[in-house]
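This report describes a cavity, a pocket and a sheet in one protein model. Please look at the structure below and keep it at hand while reading.

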Amino acid sequence: MLSADLYRESMRAVEGFLSSSGEGHLLQGELDRIYPEQRDVLKWMPYWENWYLSNRHPLPANCNPFYVLEVEGEKLKIDNAELSAMAVEAALKFHLKIKRGDLKPDRWNGRLLSMEQYDLIFGVTRIPGKDMDRNLKSDTDYIAVLCNGHIFLQKVLNGENIVPSEGLARNFRIIMEQSRRPARVPLSALTSLPRSKWAEIRDKLIQCKEVARAIEAIEKSLFVLCLDEPREMTLEELSLSVLLGPPESRWFDKSLQVVVLGKGRIGINFEHSQRDGTPMGRFVKFLNEEIATLRLKTGAAPSPTEVNIPERDYVKDILLKAQKEAEKAFSKLKLSVIKFKDFGKEEIKRLKLSPDGFVQTALFLSQKRAWRHVKTTFESVMLRQFWKGRTEGMRPFNSWTGAFLRLVDDPAASDRARNAAMLKAIKAHSFRARLCMDGKGLEGHLGLLEAIAEGKVGEKALVEKPKIYECPAWKVLQDIGITSSTTSGEGLVSAGYGPAQEDGIAVRYIKRPDCLVFCITSLDDFDDSRRRFIEKLPKALKDMRRCAGLSTERKFF
């Protein structure tokens, strides 16, 4: 990914940084000094809390991930109001398990994992700021319900007792009926704006006491339930709606949004700064299992209260403009869901290969065939083996990946040579992933030292930026053309997020036993490149399967 000259230039910068008189020792010394008393310094690591909170881009297409759940109301023979009530009851059961300390610890390969992120699924809201946001944690007994731009508050707990789901379903049905006409003042749309702009508008709006009370009530809710119009939707339409919504019916600042849409479908949208995918994956699995077995519990529920926003001209103008701006921006995001049915993770494991290493190598092969080059790819690796651990940013490309890509379509290369290079590429991927998981990744540590050098933390801000952060290798690593991550797929039919940059794509893949599901997004300007990549992906997976098995049924290339 670098020419020989650029590689040598980068090596000189690295050697200078690591030398006894280099900036690396100075910055590491400052980190060692402040860490014992300021453990929160770790929040400045890339892909940790402050990294997200300092990002000024809009949340929907740039930060918040989404899930579409397997459970279907139609198969359960319930309508969307009843499904919503069951989803709320299931979510509250999970919330109470967390609150009581009843969740069994997560484990990975027998090792206990950090559980702190579970405490931040409910009752958390990201508050916009001019230069940096902050998180607000509340412990309340109600949720916010959004429908067609209207906002209602619904009490759902009496102490630790959940309000009867039959009563909730009745109330949700009333809310949908009362919200047939769009709200005249769509307050929620503001949360889809760039963060600094939303902060500026929020500061002006809360000068009005009625608006301030409305915003505070939503921000302190346990979570948001979004009730969308019940209509037929494709999986891609469902995915886009849960990711981007109609902006007037989402509150993207909330740690958790439960979206009920389509004909009996449920989606999850969550703000990313304080939680990652693995705790949310357990929550989704719980929701699916609970909803499938729940029955409406008889009883009444307290009546919901509508949040009234004053229809002052300046307030209305700001909100309608924000809604149109969000809709225009969201129209540029393109999304495809691809279900690869030829084989899944069990077949890859039967070949004694790592499913993630296999898929990541296939992503590079698809890039090479679609674009004739590969882009820097980000793959998230969890650090929950450590106290309050979040994510390490791994770069899955390795030298054996490069060797395999050179051989794969070379008619002169033998199947044995291709097979050897592919197996080594996958093995190298697994080795690097394990290093990252064990806290030996590079980007998080270097990113934290960069934050110290920039004066974001500590007292050793440098006048000149260390050359390592200006060298070609670092710039290539930070020019992320593909963001990727995975999930085991328990309880999900789709999952994803927006691309990291305008000329890139995002790939979220679900590893099922018998198939692989990919959600691939890009912005409009990069859509042709995304489509070429998608066209090459199935053949890349099948070619690698044949290469792994050294099949003699037909020629490999």
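The second largest cavity has a volume of about 30 Å³. A cavity is a set of points, on a 1 Å grid over the protein atoms alone, where a 1.4 Å probe fits but cannot get out; a pocket is an open set with protein on both sides within 12 Å along at least five of seven lines, and lining residues have an atom within 4 Å of a point. Grid points are joined across faces, edges and corners, and a volume is the space filled by probe spheres set on them. The structure holds 2 cavities of 30 Å³ or more.

The model is predicted, with local features needing pLDDT of at least 70 and side-chain atom pairs pLDDT 80 or more, while totals for chains, interfaces and linings use all residues. Residues are numbered from 1 along each chain as its sequence is written, and side-chain values use heavy atoms, without hydrogens and water.

The second largest cavity is lined by Gln360, Thr361, Phe364, Pro396, Asn398, Thr401, Ala425 and His429. Helices (H or I, at least four residues) and strands (E, at least two) are DSSP runs numbered from the N terminus.

The second largest pocket holds about 1,300 Å³ of space. It is lined by 43 residues, of which Arg395, Arg432, Leu442, Ala473 and Leu477 are the closest to its centre. Elements that give two or more residues to this lining include helix H2 (23–34), strand E15 (376–382) and H16. The largest share, 6 residues, comes from H1.

The table lists both linings by class; Ala, Val, Leu, Ile, Met, Phe, Trp, Tyr, Cys and Pro count as nonpolar, Asp, Glu, Lys and Arg as charged, and the others, Gly among them, as polar.

| Lining | Classes |
|---|---|
| Second largest cavity | 3 nonpolar, 5 polar and no charged residues |
| Second largest pocket | 22 nonpolar, 14 polar and 7 charged residues |

E15 also belongs to an open sheet of 6 strands with mixed pairing, in the order E14-E20-E19-E17-E15-E16. Strand E14 (333–340) and E16 are at the edges with a single partner strand each, so one side of each has no neighbour in the sheet. Two strands pair if DSSP finds at least two bridges between them. E15 and strand E17 (residues 480–487) run parallel and are joined by 4 bridges. Thr376 stands opposite Ile480 in E17.
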